[in-house]
Every structure is written in structure tokens, then in C-alpha cells.
Amino acid sequence: MKSVKTVSFCYKPTAQTREVLETFRMMVNHAIQIALEEKVKGRLNLRNRIYREFRQRYEVHSNYPYSVAEVAWSIIKKHNRWHRKPSAERLIMKLDNESYSLNYSIICLPFRMGEPRIFIPLHYGDWQRSFLMDATLKRGSVTMTESTIIIAFSKETTVVEPLMKVGIDLNEKSVVLSDGARYDLSKVGRLHTEYGVRRRGFYARHPVDQRLKRKFCKDSREKVRVRQFLHLVSKKITEGAKAKRQAIILEELKGIRYVHERGNGESRGRRRRISQWPFGLLQQQIAYKAAWAGVPVEFVDASNTSKECSHCGYLNKGLKMTEREWRCPSCGVTLDRDLNAADNIERRGTIPCLAVVRSGAQGG
Ligand SMILES: [Zn+2]
């Protein structure tokens, strides 16, 4: 199985890197215009149409027309016909893996025909360094923006046949694993509260300044800090699963916001906290890191995972949000509420495991 990881590096922009980006954007917009005016269909037809003309006109290296056609075509495809004309707005360039070379931490990009290639030193920390040093990884496409260079690394992962499954229950306060491990997530709530207070103070001071408001939203430290914190949690979960040879079973979270809509008896504050909670992000990170580490992942139906008895299967529809303990009215078993849910999630997983016996759990 092939898995891909994108690693982003900072670099020092120069007049030359800016020229590369601006030329690329100009070519993309030109290609879009040609595609629309001449009704060119498809990425390859577009490339064939622009190849010779663009190489002469913009004097760029032969790798460029293909990437330009690809980016232009994806913008056309994504474009909503009710909006104004499609165009490339941001300064962003993409080249395939055959266009560039990487010499440890220096990336080497082609640009103008007959001119020397551009060398850009990448800034890196320990984490990025581990990718640069790993000779077993394959390099994919490179994406360049005004401040970062993003390289896709890929590798063939062999999925190890798991010994057992582990169900993961995500809730507002914690992540609970069916093997008993638990991760406190109250920090996410605290960050939201902390930044929520700041935001309200900010809007009280600058009620109508749209430009400042956009800046404030864009440069959100809150998002960055939540993301960093969740990365640590998802890393620990995946490493644990790899060490114990577990297959990870996650809930499908499509309806989570629907479940927490108005009028379900929950307080407004709780609904707001839930709707801000990045459940999906944590799941994505787990799934992503697991794929990279060769740990199998399965998504299962999430309905009633907290209302069912993991011991006998009894469904307690009347279970209230406030009850933190699962007491089964049918078989009498007493369990932590979240652990019961995690057990149910684990049981719904269908990945074949070498050792599936779990004491007390019903088969299936
Ligand atoms: Zn029961």
C-alpha cells in the first residue's frame, strides 16, 4: 500500500522566487483563458495546445507546461459557473517529481530555458530533517508558495496483520480506547474558551473593520495550537496501536453536528463547544498517521455506540447525556460510559485479526 505525507519547509523568498511564482500564475491564467475561448477539453489536450507556445513565449523549462495545464484544468473544473470567470488568485506553483532535484536540504528548480537552475535552501527542524535523511522515501510533487515549499514524500507500507482491534471513542473531554488507554482533551476546550474571550474583546473594540476581522480570522493561533495538540494525541494513539499490533476502529462521524442540533435537550454552551470541536481533524490525523505507519484503520457505523451494552447488546434508548456510568438494565454490568462506547466501536470492526478473543465481549 502506498502512503503519502506532505512535509512543509520554510524558505527565504527572493526576487527570483517571486518571479517564478508570478510567471507561473500568469501562465495558469493564460491557459485558463485559452481553454475557455477555444473550448479545450481535458488536461492533456490543454497541455498539447499550450506546450510549444508557452515555452517560446515565457521561455520556461519544458517541465512547466504540463504543471500549468494541470493546475489550470483543476481550477476550471472546480469553478462554479455562477461566479465570475475562473482564475488563479494565489501565488502558488506546483511541479512534478521529475522537475526538481533535492540535494539534502537544497532544492533545485528549473525555470528559464538555457539559464541555470534555481537553488533554494530549505529551513528545517528535526521532524523535517528525518524526511530529508530517509533514503527509503520516494519524492512526489513539490508545491511552492510565497513562504513555504511543500514536498510530498511517499513510501510503500506493508500493512501488518493485526493481532487485535482497538475501538476509539472520541468525546468532548477525552479520547478513550477500548484497551483502557485514555487521553485528556480538555485542553482543546480551554483553548477555545481562551481565544473565544479574546475574539469577543476584539470584536467589541473593532466592530466594523472587515479588513482587520479577516486578518484576525486568518492568522488564528487558536487553530494552530489546537492542531499541534491534536497531533501529539494522534501520534501517541498510532504509536500505541503499532506497538501492540492493533487495528484501529473509528466511528464514522458524518452526523455528529446533526445529533447535537437545537432542541435535543443539551445546553446552548454545550452545543457550541461540540460544534467547535475538531473531531474530524483528530480522526483524519489518526487515519493518516496510521496509514503511514502501516496500521490498518476501519470506519464503522456510529449509531447508538454509547447507548448499547457492550456486554449483552441491550439497547438503552433512554440513556441521558449526564450519566457518566453505564449500568446495563438487562445484564447488570457496570462500566465507564466512554469505555462501553469504545468497546462497542471495537466490536463493530470487521478487520480480520489473528487473536480475536476478548473476555466478556460477545462475538461479531
Ligand atoms: Zn448488558
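This is a predicted model: local features need pLDDT of at least 70, side-chain atom pairs count only at pLDDT 80 or more; totals for chains, interfaces and linings use all residues.
Visitor: How many helices and strands are in the protein?
Guide: Helices (H or I, at least four residues) and strands (E, at least two) are DSSP runs, numbered from the N terminus. By that assignment the protein has 11 helices and 14 strands.

Visitor: What share of the 364 residues counts as buried?
Guide: A residue is buried if 20 or more other C-beta atoms lie within 10 Å of its own, exposed if 12 or fewer, and partly exposed in between, with C-beta atoms placed from the backbone. Of the 364 residues of the protein, the buried share is 25%.

Visitor: What part of the contacts with a separation of 6 or more comes from residues 24 or more positions apart?
Guide: Two residues are in contact if their C-beta atoms, placed from the backbone, lie within 7 Å. Among contacts with a separation of 6 or more, residues 24 or more positions apart account for 68%.

Visitor: What is the orientation of H1 to H3?
Guide: Axes are lines fitted to C-alpha atoms, for helices over the stretch in contact, and angles run from 0 to 180 degrees between N-to-C directions. The axes of H1 (residues 15–37) and H3 (residues 64–78) come within 9 Å and cross at roughly 60°. Angles under 35 degrees count as roughly parallel, over 145 as roughly antiparallel, 65 to 115 as roughly perpendicular and the rest as oblique. H1 and H3 are therefore oblique.

Visitor: How do the residues of the contact of H1 with H3 divide by class?
Guide: H1 contributes Phe24, Met27, Val28, Ala31, Ile32 and Ala35, and H3 contributes Tyr64, Val68, Ala69, Val71, Ala72, Ile75 and Ile76. Ala, Val, Leu, Ile, Met, Phe, Trp, Tyr, Cys and Pro count as nonpolar, Asp, Glu, Lys and Arg as charged, and the others, Gly among them, as polar. The division is 13 nonpolar, no polar and no charged.

Visitor: Which elements do the buried residues of H1 pack against?
Guide: The buried residues of H1 are Thr17, Val20, Phe24, Met27, Val28, Ala31, Ile32 and Ala35. They pack against helix H2 (43–58), H3, strand S2 (93–95) and strand S5 (118–121).

Visitor: Is Ala69 buried or exposed?
Guide: Ala69 is found in helix H3. Leaving aside neighbours within four places in sequence, Ala69 is in contact with Ala31, Arg43, Leu46, Arg47 and Ile50. Because Ala69 has 27 C-beta neighbours inside 10 Å, Ala69 counts as buried.

Visitor: What is the reach of H3 from its first C-alpha to its last?
Guide: The expected span of a helix is 1.5 Å times one less than its number of residues. H3 has 15 residues, and the expected value is 21 Å. The reach of H3 is close to that, at 21 Å.

Visitor: What is the handedness of the crossing of H7 and H10?
Guide: The axes of H7 and helix H10 (residues 279–293) come within 9 Å and cross at roughly 40°. That makes H7 oblique to H10. A crossing is left-handed if the near helix is turned anticlockwise from the far one by less than a right angle, and right-handed if clockwise. The crossing of H7 and H10 is right-handed.

Visitor: How far apart in space are His231 and Gln285?
Guide: His231 is in helix H7 (residues 221–243). With 14 C-beta neighbours inside 10 Å, His231 counts as partly exposed. His231 and Gln285 are 54 residues apart in sequence, and their C-alpha to C-alpha distance is 6.9 Å.

Visitor: What is the phi of Tyr104?
Guide: Most residues other than glycine have a negative phi. Tyr104 lies in the loop between strand S3 (101–103) and strand S4 (106–109), and is exposed, with 11 other C-beta atoms within 10 Å. Although Tyr104 is not a glycine, its phi is positive, at about 50°.

Conventions: Residues are numbered from 1 along each chain as its sequence is written.
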